[in-house]
Amino acid sequence: MTEALVQVRDLRKWFPVKQGFLAALTGEERQYVRAVDGVSFDIRKGEVFGLAGESGSGKSTVGRLVLRLLEPTDGSVVFDGVDLAGLSAEEMRKLRHRMQVVFQDPLASLNPRMTIGEAIEHPARIHMPQLSPEERRALVLRMLEQVGMVPPEFFYSKYPHQISGGQRQRIVFARGMITAPDLIVADEPIAMADVSVRALLLDLMMQLKDEFDLTYLFITHDLATAKYVCDRIAVMYLGKIVEVGPLEDVYTNPQHPYTRALLDAVPVPDPLHRRTEPLPAGEIPNPINPPSGCRFHPRCPIAQEGICDGEIPPLLPVAGNPEHRAACFLRTGEYQHLDPLR
Ligand code: SF4
């Protein structure tokens, strides 16, 4: 099995809810939004590891924790054998060029007062002080070419508002790549791009992965997109991973009812099979007071009273495959005989 580049263990991020003056005065217990609540996974060198779920599942918070843009409440992130929690700000700064991020909104990620050349060059100025200005410019021009912005000299002095949305996302990728990172956290990288350029951006991502030997954490709400690029995928629900495994296994043999619902909700390009209802039904519950037991039980079509609302289901192997795990009593545990889907 390929070595892990990132090891995430029992990661938690609880955000304190702002307390009113009266609540603080009366000593009311502080409340927390449990955005990430005990998440563990490995990202192997050279793979695209997907993290999928609805908005509010905690997937983007995990991305920020992996990059240590946020401090965890508990748990650890080990990057290439180094526990990030033990690093000083200076040590973290030195490591940061090896882990970069691409966010979904390229316009918000780019400084409107910087030319494209300056924007791409910026991380090189910080992390590669050994380069002369001429060497940095040559590197920027090479990166522009790598992401298909040709002729590079033409785009070098343009401003973000002078190019298209798809081109801006290419610039964000070029900026992320300039320090030759090992890991890219791509957080909904194509969500704001026109449908017409999404496939091109995904192709670019995969081309950069091969050329630069990259590893990706690919965060998305869209299982159709994840299918296009991921090697393995974890599905998150309300701060927890509910299913994880090789893409092929999870897509062809989904075990958790939430994964099934998400896959059922992927649009089918066939007018004879139009779906009338979005799935899964209902809203994500409040992460301040998540449901007891399995957090999915208020929305789960096969929930069993007395089983699903008690304990939290552990993430266990399914179908005898240690690589494919799900957190559902009826799919993995002693209650399998009650599973109506079997
Ligand atoms: Fe549904 Fe129960 Fe499985 Fe949770 S543990 S997903 S509520 S069947």
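Let me start with a term: a residue is called buried when its relative accessible area is under 20%. Thanks for coming, everyone. What we have on screen is a predicted model.

With that term in hand, let's look at helix α5, which spans residues 116–127. Which of its residues are buried? They are Ile 116, Gly 117, Ala 119, Ile 120, Glu 121, Pro 123 and Ala 124. An α-helix has 3.6 residues a turn, so residues three or four places apart point the same way. Keep that in mind as you look at the list. And what do these buried residues pack against? Their partners are α6 (133–146), α7 (152–156) and α8 (165–177).

The largest nonpolar core has 60 residues, and the members that touch the most others are Ile 120, Leu 144 and Tyr 216. Take Leu 144: leaving out residues up to four places away in sequence, Leu 144 touches Ile 116, Ile 120, Met 149, Pro 152, Phe 155, Tyr 156 and Ile 171. There is also another core, lying apart from the largest one, with 30 residues, including Phe 79, Val 101, Val 185 and Ala 234.

Now, over to the sheet. Four strands make an open sheet in the order β2-β1-β4-β5, and the pairing is antiparallel. At the edges sit β2 (32–44) and β5 (82–83), each pairing on one side only. Further in, β1 (residues 4–16) and β4 (residues 74–79) are joined by five bridges. If you want one to find on screen, Gln 7 has Val 78 of β4 as its bridge partner.

Is Asp 37 buried or exposed? Its relative accessibility is 4%, so Asp 37 counts as buried. Setting aside neighbours within four places in sequence, the contacts of Asp 37 are Leu 11, Arg 12, Trp 14, Gly 239, Lys 240 and Arg 295.

Last stop, the cysteines. Cys 308 is buried because its relative accessibility is 9%, and Cys 328, at 10%, is buried as well. A disulfide is a covalent bond between the sulfur atoms of two cysteines. How many disulfides does a search of the whole structure find? The count is zero.

That's my tour, and I'm happy to go back to any part of it on screen.

How values were computed. Residues numbered from 1 in each chain as written. Predicted model: local features only at pLDDT ≥ 70, side-chain atom pairs only at ≥ 80, totals over all residues. Heavy atoms only, no water. Pairing = 2+ DSSP bridges. Helix = DSSP H or I, 4+ residues; strand = E, 2+ residues; numbered from the N terminus. Disulfide = S-S within 2.5 Å. Buried < 20%, exposed > 50% of the residue type's maximum accessible area, 1.4 Å probe, protein only. Contact = heavy atoms within 4.5 Å. Core = buried A, V, L, I, M, F, W, Y, C linked by side-chain atoms within 4.5 Å.
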